[in-house]
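Subject: Structure for your files

Hello,

Below is the structure I said I would pass on. My notes on it follow.

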Amino acid sequence: MNQNLKIAIQKSGRLSEDSISLLRKCGIRFDNGFGKLKSVARNFPLEIFFLRDDDIPQYVEDKVADIGIVGENILAEEKRAIEIIKSLGFGKCRLALAVPKSFTYDSIKDLGGKKIATSYPKILSDFLARHSVTAEIHTISGSVEIAPSIGLADAVCDLVSSGSTLFSNGLREVETVMQSEAALVARPNLDAPQQLILDKLTFRLTAVKAAEQNKYILLNAPDRSLEEIIKILPGIKSPTVMPLAEKGWSSVHSVIAENDFWEVIETLKDKGAEGILVLSIDQMIG
Ligand code: PRP
Ligand code: ZN
């Protein structure tokens, strides 16, 4: 029996680079030479398959791969017998309705009776039904953005990330249908050895994600405001406090969330903190 865990990731597109770099940050070494379909990791029991993102849920369901990294948009469109293990925080995009610049659009009602091209017919028809709009959905598998200019449709429903694809095709975004990001998926009922490898991998992923959301902070604090500063910097357990050679001052080390980073720094300065150093963290294990 093959003891490797097989992961499917996007071959080329919005998710490929981040998927590869996430695996690398988990300490997994592998080649991803151009045109390669498969690569075997050198230091972790993982085989990496490079596939078209839209095909990944099917491959996982069919057991060609055990797990995969795929956009939530694709998972929402095709209900498959696979489990979402965790959202990965990258590949953020939205599925949106867009119309040509010349289209007079006031509300979603203006799409009534129109022809809309999309690769996401189910999500779109649910969305239209929720808004009591009846339109003709034209399903195409790629290059949806060119449909209006060749007279195939009046509007499109497609993924938007930077918006440059819509812009360069003279289209204007008018409604958000769903938000999406990359997620790790797995087929149910993995064999015990494979489940063990997946647990190891998710442990590392969690550490990498936690590290990305936090910063390591070092600062010098006057002892008179030490108590207040410690309250602002809870750290993982509690901050490290060490006396400085200069009397009346201490060095404080802690971890802060990236989100409230600037606010915390400002408050710390107000409390008299000096020599604040902020470092990024590679891994963070609870
Ligand atoms: C999506 C979508 C657009 C592009 C939008 O494709 O179909 O082509 O991304 O990105 P932008 O707003 O940054 O220009 P996807 O990544 O799913 O690739 P695929 O259509 O080849 O599967
Ligand atoms: Zn795609």
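Accessible areas here come from the Shrake-Rupley method with a 1.4 Å probe, and for residues only the protein chains shown count as cover. On that basis the protein chain exposes about 15000 Å², of which carbon and sulfur atoms supply 51%.

Some conventions. This is a predicted model, in which local features need pLDDT of at least 70 and side-chain atom pairs count only at pLDDT 80 or more, while totals for chains, interfaces and linings use all residues. Residues are numbered from 1 along each chain as its sequence is written, chains are lettered from A and ligands numbered from 1 in the order in which they are written, and side-chain values use heavy atoms, with hydrogens and water left out.

Overall picture

The protein chain holds 8 helices and 15 strands; these are DSSP runs numbered from the N terminus, helices being H or I of at least four residues and strands E of at least two. Its radius of gyration is 24 Å, whereas a compact globule of 286 residues would be near 19 Å. That radius is taken over C-alpha atoms, and the globule rule is 2.2 Å times the number of residues to the power 0.38. Along the principal axes, the C-alpha atoms fill a box of roughly 75 × 55 × 35 Å.

An automatic or database domain assignment sets the domain bounds. The protein chain is split into domain 1 (5–90 + 181–211), domain 2 (93–180) and domain 3 (214–280). The centres of domain 1 and domain 3, over C-alpha atoms, are 38 Å apart.

Of the 286 residues, 45% are buried. Buried means under 20% relative accessible area, exposed over 50%, and partly exposed in between (1.4 Å probe, protein chains only). Of the contacts (heavy atoms within 4.5 Å) between residues at least 6 apart in sequence, 68% join residues at least 24 apart.

There are 34 positive and 38 negative side chains, and the centres of the two sets lie 4 Å apart. Lys and Arg count as positive and Asp and Glu as negative, with His and the chain ends not counted; each charge is placed at NZ of Lys, CZ of Arg, CG of Asp or CD of Glu.

Individual residues

Thr 202 belongs to helix α6 (residues 192–212). Thr 202 counts as buried because its relative accessibility is 14%. Beyond its neighbours within four places in sequence, Thr 202 is in contact with Ile 85 and Leu 184.

Two loop residues other than glycine have positive phi. Lys 63, between α2 (56–61) and β4 (67–71), has phi near 70°. Its relative accessibility is 54%, so Lys 63 counts as exposed. Ser 132, between α4 (121–130) and β8 (136–139), has phi near 55°. Ser 132 is exposed too, with a relative accessible area of 61%.

Lys 36 sits in the loop between α1 (16–25) and β2 (38–40) and is partly exposed at 31% relative accessibility. Residues up to four places away aside, Lys 36 touches Lys 11, Asp 31 and Phe 50. Phe 50 is 14 residues from Lys 36 along the chain, with 7.2 Å between their C-alpha atoms.

Asn 43 lies in the loop between β2 and β3 (46–51) and is partly exposed at 42% relative accessibility. Setting aside neighbours within four places, Asn 43 is in contact with Gly 27, Ile 28 and Arg 29. The C-alpha atoms of Asn 43 and Phe 30, 13 residues apart along the chain, are 8.3 Å from each other.

Regards
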